[in-house]
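The structure comes first, then the notes.

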Amino acid sequence: MRIKDSVVVSLITLVSIVCSGLVQAEDLDIVVTRGYDTKTRIAIVPFYWEGSATLPEEVHSIIDQNLTRTGRFEALPPRNMLTQPTSEDAVFYRDWRLLNQEYLIIGSIEPAGDDRVKVNFALYDVVEGRRVVAANQTVGVFQLRDLAHSISDLIHERITGVKGIFSTKIAFVTRRPTTDNNFEYRLQIADADGQRARTVYRSNEPIISPTWSHSGRRVAFANKVGDRWKVFVQELSTGKSNSINGPRGYTSAPSFSPDGRYLAYVSSTAGNPELYLYDFSSGDSTRLTQNNYIDTEPSFSPDSKSLVYTSERGGSPQIYQMDLASKRAQRLTFEGSQNLKAHYSSDGDYLVFVHQINGRFHVAAMDLASREIRVLTETNLDESPSIAPNGTMLVYATKSRGQGVLAWVSLDGQVTSEMPSIHGDVIEPSWSPYLN
């Protein structure tokens, strides 16, 4: 569907999550390995810089990389452009039609004093010969990457009708061998493009199951402390962590409810791994399951009224759904020898989970109305899928050339891209909600 009306808007400056105690910045390199056969052709002209000093970021390059990474866009290289306009009066649609382009983006950046710059940009529909949207924003020079992500979000939504995810974050764990043959684990948070990774928690013991609160202000995770596993909830603005633990046993696999009231988790306090519900307002926990089988990996529905989880009560790990009001559970998966780590899509219409068939693990999606399962990935070591907040992509952990990496895949299985790290194996990804 093409855009029908043109508007002029002012971008809102991104407010980034401030994490105290950050110790190291790292980048992930994203490599697109497969994309759509038919892509939207878009020309992104290098933004004209009116100042003299070199800018720390190339806004047009970030927009190019963001859109290309989705697999839905094909950007025209600047060297192939007939002209490089920086204002609307220099835009000649004939030139871009000759290059078979569908959309055009132009922009300029000018000094605004006190290490601030004013960024102007516009998106044009080449086929219909009109401006779709124009915007301007004054930001600090070191906020240019945030602004480029915001512009990418706006462009993606105007062209596709789907809200962009470029201003979101991804939490993940890195694991690196140390000199004493042990491992160092770090919980990190990066931009959705893998850049500006920051360590928010580190340990010499494993860190698993990071998950975001619906507000994006907190993360929860499990960390082995001595001979026990504990669940920690960390405030990202202060870096403070609180643990949620039973008097004995272990706790793990946390999951925030979207309404912010509860945290589901697994505890062996009663001797067997069971599901519990922690109430943030009262500080009390309620036991949800009571049986002799392992119940684990809870994940809330978008309306906070039910959750899915993994249980071995049927003889092998399969996915069940529990209505929290009645505490009644039903089995959802019957295909495959194992089904694990399920998460709802943002609209609640389908699940994404790890699916084992013929001895291999894959990421799969299930339509909850039809119960049809669709395998999304091709490798045999795929784990820990996490869905983007717009429901179009997911990130998961896999192996590539012997290293643990993150990978993206579209929910229709048409786009994949890899995100290797320079800091050891990358595992346990979790995609943030929208943060602004």
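A polar contact is a pair of N or O atoms within 3.5 Å; within protein, one must be able to donate a hydrogen and the other to accept it, and residues adjacent in sequence count only if both atoms are side-chain atoms. The model is predicted, so local features need pLDDT of at least 70 and side-chain atom pairs count only at pLDDT 80 or more, while totals for chains, interfaces and linings use all residues. Residues are numbered from 1 along each chain as its sequence is written, and side-chain values use heavy atoms, with hydrogens and water left out.

**Loop residue Asn-272**
- Asn-272 sits in the loop between strand S18 (262–267) and strand S19 (274–279); strands (E, at least two residues) and helices (H or I, at least four) are DSSP runs, numbered from the N terminus.
- The side chain of Asn-272 reaches the backbone oxygen of Tyr-293 at 2.6 Å, and a polar atom of that side chain lies 3.1 Å from the backbone oxygen of Asn-291.
- Asn-272 counts as buried because its relative accessibility is 19%; buried means under 20% relative accessible area, exposed over 50%, and partly exposed in between (1.4 Å probe, protein chains only).

**Nonpolar cores**
- A nonpolar core is a set of buried Ala, Val, Leu, Ile, Met, Phe, Trp, Tyr and Cys residues joined through side-chain atoms within 4.5 Å.
- The largest has 29 residues, and Ile-42, Ile-63, Ile-105 and Ile-155 have the most contacts inside it.
- Among the elements supplying at least two residues each to this core are helix H1 (59–69) and helix H3 (144–160); H3 gives the most, seven.
- A second, separate core of 14 residues includes Val-173, Leu-187, Trp-212 and Ile-427.
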